[in-house]
Structures are given as structure tokens and as C-alpha cells.
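Here's a quick tour of the fold, written to be read with the model open beside you.

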Amino acid sequence: MKKGSKYTSKPVSVNGTVNWTKSENKIWEDLVKEQLPQVRDYACREYLEGLQYLNFPEKEIPQLPDINSILAKMTGWKVEAVPALINFDRFFELLANRRFPAATFIRRRKEFYYLQEPDIFHELFGHCPLLTNKHFADFTARYGQIGLNATHKERIKLARLYWFTVEFGLLKQGDLWKVYGGGILSSVGETAYCETNQPEHHKFNILEALRTPYRIDIMQPIYFYMNSLEELEQLSEELIMENVHKAMELGLLPAKFPPKSA
Ligand SMILES: [Fe+2]
């Protein structure tokens, strides 16, 4: 995990609201304008249903209490404001308690298309619609619980599972790949790219996913798809931990990308 952040979360009032500036709201508005047509084409059904339930304002950054009242009713989740980066302990503890961490800052204009750190657009627009779905919501809470009980080395493997599911996961719906991963759904460039023939699409295999190297600063060379979100929910603690241990023994598969310094 990265140690420092160049962004700082904005203060949250006692009511849970953030005083966003005009220019911050304008960045949200422009991001939504670019990304909404894309997700309509490429996102999975469940995400689009969630988007309707949450009914985000298009011209200003949504306030967390508004989202939370809907999530609470549907799946018992809420979004919790956090500093820009949090450690593994806090991350897993929040998920286990159905609290989705969101740093209260939005990217600057010059990082409009690409930002390595998860900002509020990524957390709200990318992830929250799926938190209205029971299968996704239950899996994410279980994942938090598993992480809470894991050792540091196990957590490093668990982070890889999260990467290839919650962040970059695809579903096969009909003959098409559809996106449920929030890392893709909040990225204007990657949303269309992930469904082209450029990257590889592998049927989700937990051991393979746990052994697949990734870089956070490039478009992914491999995506894993499932047939449904039920398949995600069915990943039991036993199965996950058994495969985490196997992956620890076997090590990583060869990378499909050049090293960062190349
Ligand atoms: Fe994320």
C-alpha cells in the first residue's frame, strides 16, 4: 500500500456533509457527463439498476447521508468518510462492518482521465451502485471479515482477489462482457478498452487470479469474468483461504506487462 497521498480529504460536518466548492462540483459534473454514456453501454445490469436506485445528482458531488439512507435500506451498507489513504486493518474492519471507505476529495482537473488514488468519484460512481446488490454487498462484507482475520502475507494475496473482482471484474451477460468492477467503471478510458480484443479475458479461476501479477498504473492486460454475481457471493471463506495458501506456495505467474521501470 502506498504510504503518502498528495490529496487531503475535506472535512465532514457533524451531519456527514462536505462543503464542496463550485470547481469541485464541476469536475464531478464533467466526469459524470463523460462516463454516464459509457456505463450505459458497458456496465452490467446490476450496476445500472443500482445507479437508478441511488439517483446521483449530475451537477454536484453527492452527499454521503443521501447515499447512506438508500444503501442502509437495501443492503445494510453505508459509505464512511476516511482520510485519503487507510491501512489494511482499518480497510478490512470497515468492510467487515458494511462500511465502504471513501476519501472526501475529488481529482484535480489535470488528472481528469487518470488518477492512481481512489477519489470520491471512483468510490461513489464506481462502487456504490453495486452495493445495492445483495450478492455483491454480501461478498464484500465477507471479504472484509476474512481480511480482518488474515495475516499480513495473506492480506497481500487477498488484495489481489479484490483487484480482479471488486475493482476490475467482468460478468458475462448474454454474449457480452459487462463490467462490475469499480476501477473500470470510474475510468473513462478503461471502460471501452476492457471489452475490446486487446486484453485477455479469462473465466474466473480463483487460484489463477490470486497468482496473476498486476500493475496499478496501466490498463489491465487480463480481466477475469464470472457468469453472475451469485458466483462472486459463493466464494466461501474456506475456498478463498485454501487458495490464498496455495497461491502463496506456488508464487506469481509470469507477468503480461513490462516492469514499471522499463
Ligand atoms: Fe476501488
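Arginine 98 sits in the loop between α4 and β2. Helices here are DSSP runs of H or I with at least four residues, strands are runs of E with at least two, and both are numbered from the N terminus. The phi of arginine 98 is near 55°, a positive value in a residue other than glycine. Before going further: this is a predicted model, where local features need pLDDT of at least 70, side-chain atom pairs count only at pLDDT 80 or more, and totals for chains, interfaces and linings use all residues. Residue numbers run from 1 along each chain as its sequence is written.

Most residues other than glycine have a negative phi. Asparagine 55 also has a positive one, near 50°, and lies in the loop between α2 (45-54) and α3 (64-75). How exposed are these residues? Arginine 98 is partly exposed, with 19 other C-beta atoms within 10 Å, while asparagine 55 counts as exposed because it has 11 C-beta neighbours inside 10 Å. The cut-offs are 20 or more other C-beta atoms within 10 Å for buried, 12 or fewer for exposed, and partly exposed in between, with C-beta atoms placed from the backbone.

## The β1-β2 pair

Strand β1 (residues 78-82) runs parallel to strand β2 (residues 99-103), and five bridges join them; pairing means that DSSP finds at least two bridges between the strands. Glutamate 80 faces proline 101 in β2. Between β1 and β2 the chain passes through helix α4 (residues 88-96), giving a right-handed β-α-β crossover. Right-handed means that, with the strands pointing away from the viewer, the path from the first strand over the helix to the second runs clockwise.

## The four-stranded sheet

Four strands form an open sheet in the order β4-β3-β6-β5, with mixed pairing. The twist averages 40° from one strand to the next.

Now for the partners. β3 (residues 170-173) and β4 (residues 176-179) are antiparallel over four bridges, with leucine 171 opposite lysine 178 in β4. Their hairpin has two residues between the strands, and glycine 174 there takes a positive phi near 65°. β3 also pairs with β6 (residues 222-226), this time in the parallel sense over two bridges. Leucine 170 stands opposite tyrosine 225 in β6, and leucine 171 opposite methionine 226.

The largest nonpolar core has 59 residues, of which Tyr47, Ile120, Leu131 and Val179 touch the most other members. Such a core is a set of buried Ala, Val, Leu, Ile, Met, Phe, Trp, Tyr and Cys residues joined through C-beta atoms within 7 Å. Helix α6 (residues 134-148) supplies the largest share of this core, six residues. Leaving aside neighbours within four places in sequence, isoleucine 120 is in contact (C-beta atoms, placed from the backbone, within 7 Å) with Ile61, Ala102, Ala103, Thr104, Phe105 and Ile106.

Helices α7 (residues 152-167) and α12 (residues 237-250) pack at about 110°, with axes 10 Å apart. That makes α7 roughly perpendicular to α12, a label for angles of 65 to 115 degrees. Axes are lines fitted to C-alpha atoms, for helices over the stretch in contact, and angles run from 0 to 180 degrees between N-to-C directions. Which residues meet there? Lys153, Glu154, Lys157, Leu158 and Leu161 in α7 meet Ile240, Val244, Ala247 and Met248 in α12.

Notes: Contact = placed C-beta atoms within 7 Å. Parallel < 35°, antiparallel > 145°, perpendicular 65-115°, else oblique.
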